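Work through the exercises below with the sequence and the model side by side. Try each task before you read its solution.

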Amino acid sequence: MSELLSGVKGMADWRVWVMLGVGLTLVWLAVKKEYEPNLLLPMGFGCLLANIPLSSAVHGGFLDVLTRAGISNELFPILIFIGVGAMIDFGPLLQDPEMLFFGAAAQFGIFFTMMLALLVGRIPGVVGIPGLREAAAIGIIGAADGPTSIYVATRFAPQLLAPITVAAYSYMSLVPIIQPPVIRALTTREERMIRMENPEREVSRAVKIIFPIAVTLIAGIVSPMSVALIGSLMFGNLLRESGVTERLSKTAQNELSSLVTILLGITIGSTMSGEQFLTPTTLLIIGLGLIAFVFDTAGGVLFAKFINLFRKKKINPMIGACGISAFPMSARVIQKMAQQEDGSNFIIMHAVGANVAGQVASIIAGGLILALVR
Amino acid sequence: MDAVIRQGLVVSVVSYLAIFVVLGIFYGLIKVLLKVLPGKATDE
């Protein structure tokens, strides 16, 4: 009888109630608001499974097995990247390679937030950010790229993995709410109405095949720590572009991505235990994550405005904001904003180019941070 | 400025600049590839 009541007794802990509420909220956000439902729904349910007192899903159960098999060794984010790579068409970027630099500029939020986290961590009474590794793990939320955030957080601050993942995916789904006010604050209406010519250039199949191989080799030689991330992304892309592995490409895009997303989501959710999640550090991470996205956007927009000082043909500075990874959400947001100002302005090709550049840049940023932070 | 903040600043500045350098290399690479292996121009 006492066995049956032990679960009920466990409900006396207030943290159990709060975490069950958090789990239900994530499920609600996924179902009702459709915020990143593929990830937030499994995460929310994983959170429920982990916080039921004496749950057999954790404490040596299948979720613990999955954590060891796919999170602790960084396998799941890597497999996700193969799927993402197979989904990405680098065509718009290859047509207009200048967009690469917007991808670089819009990583500004990572480093701004990292420094901010370091400074906040120095305030007496603030715990949870004792050093550079934890600050870097928080800053990488600004990569606007879930798998990179998970990868870096697993290495540098596994105890902060759950809040970092929640913040990263939540803000990615909130890009349509976060980016427009920042862009409007930094641009004039005239700037937002700038038209951009579509590059009339067809990219050969050979270039599309060589690109992922060459990028892997160059990035790997410059930053060996980025090989796993960039290599898996580009491997997926090579499956897509080779033209001879259509079945594998489709599997990577669909079955592999879906399967790993289920396992990743429910496993990350299971790490959201009350003791680790209900801390002031979590609130701090949620706040810093928002700052990272805001400063990513600002970095991209301001870089575009800076470039325009030297150009005859001006770039619509909103394109700079697409340099954050959050693909393809950011490109869609910017195209919508452009059409709000001028219904016949189509900048989607440039926006997508900058957006996929952001995907590459965020991985390079992750690799560099892994290499430089000790 | 304490040592950790200084290290953070160095890592941030070096990493941010290094991203531009790496993507600059990719830019050069794409330009060369497009020149060496040109595709057909679109009709529009």
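Helices are DSSP runs of H or I with at least four residues, strands are runs of E with at least two, and both are numbered from the N terminus. This is a predicted model, in which local features need pLDDT of at least 70, side-chain atom pairs count only at pLDDT 80 or more, and totals for chains, interfaces and linings use all residues. Residues are numbered from 1 along each chain as its sequence is written, chains are lettered from A in the order in which they are written, and side-chain values use heavy atoms, without hydrogens and water.

**Exercise 1. Describe chain B: how many helices and strands, what box, what share buried?**

Step 1. Chain B has one helix and zero strands.
Step 2. Along the principal axes, its C-alpha atoms fill a box of roughly 60 × 20 × 5 Å.
Step 3. Of the 44 residues in chain B, 36% are buried. Buried means under 20% relative accessible area, exposed means over 50%, and partly exposed lies in between (1.4 Å probe, protein chains only).

**Exercise 2. Find out how many residues of helix H9 of chain A are buried, and what they pack against.**

Step 1. Helix H9 of chain A covers residues 132-139. Seven of its eight residues are buried, so the rest of the structure largely encloses this helix.
Step 2. The buried ones are Leu132(A), Glu134(A), Ala135(A), Ala136(A), Ala137(A), Ile138(A) and Gly139(A).
Step 3. In chain A, they pack against helix H8 (108-121), helix H10 (146-156), helix H11 (161-173), H18 and H21. Helix H1 (3-36) of chain B is also a partner. Contact means heavy atoms within 4.5 Å.

**Exercise 3. Work out how H12(A) and H20(A) cross.**

Step 1. Take helix H12 (residues 175-186) and helix H20 (residues 329-341) of chain A. Their axes come within 10 Å and cross at roughly 50°. Axes are lines fitted to C-alpha atoms, for helices over the stretch in contact, and angles run from 0 to 180 degrees between N-to-C directions.
Step 2. H12(A) and H20(A) are therefore oblique to each other. Angles under 35 degrees count as roughly parallel, over 145 as roughly antiparallel, 65 to 115 as roughly perpendicular and the rest as oblique.
Step 3. From H12(A), the contact uses Val175(A), Pro176(A), Gln179(A), Pro180(A), Ile183(A) and Arg184(A). From H20(A) come Met329(A), Ser330(A), Val333(A), Ile334(A), Met337(A) and Gln340(A).
Step 4. Sort them by class: eight nonpolar, three polar and one charged. Ala, Val, Leu, Ile, Met, Phe, Trp, Tyr, Cys and Pro count as nonpolar, Asp, Glu, Lys and Arg as charged, and the others, Gly among them, as polar.

**Exercise 4. Zoom in on Ser330(A): is this residue buried or exposed?**

Step 1. Ser330(A) sits in helix H20 of chain A.
Step 2. Its relative accessibility is 0%, so Ser330(A) counts as buried.
Step 3. Beyond four places in sequence, its contacts include Val175(A), Ala321(A) and Asn355(A).

**Exercise 5. Compare the directions of H15(A) and H21(A).**

Step 1. Helix H15 (residues 227-241) and helix H21 (residues 348-372) of chain A pack at about 155°, with axes 8 Å apart.
Step 2. That makes H15(A) roughly antiparallel to H21(A).
Step 3. Leu229(A), Ile230(A), Leu233(A) and Met234(A) of H15(A) meet Gln359(A), Val360(A), Ile363(A) and Ile364(A) of H21(A).
Step 4. The classes are seven nonpolar, one polar and no charged residues.

**Exercise 6. Examine the backbone at Glu36(A), Glu74(A) and Pro328(A).**

Step 1. Recall the background: most residues other than glycine have a negative phi, and most peptide bonds are trans.
Step 2. Glu36(A) has a positive phi of about 35°. This residue lies in the loop between helix H2 (14-31) and helix H3 (37-51) of chain A. Glu36(A) is partly exposed, at 24% relative accessible area.
Step 3. Glu74(A) has a positive phi near 65°. The loop between helix H4 (62-71) and helix H5 (75-87) of chain A holds Glu74(A). Glu74(A) is buried, at 10%.
Step 4. The peptide bond from Phe327(A) to Pro328(A) is cis, with omega near 0°. Pro328(A) is in the loop between helix H19 (318-321) and H20 of chain A.
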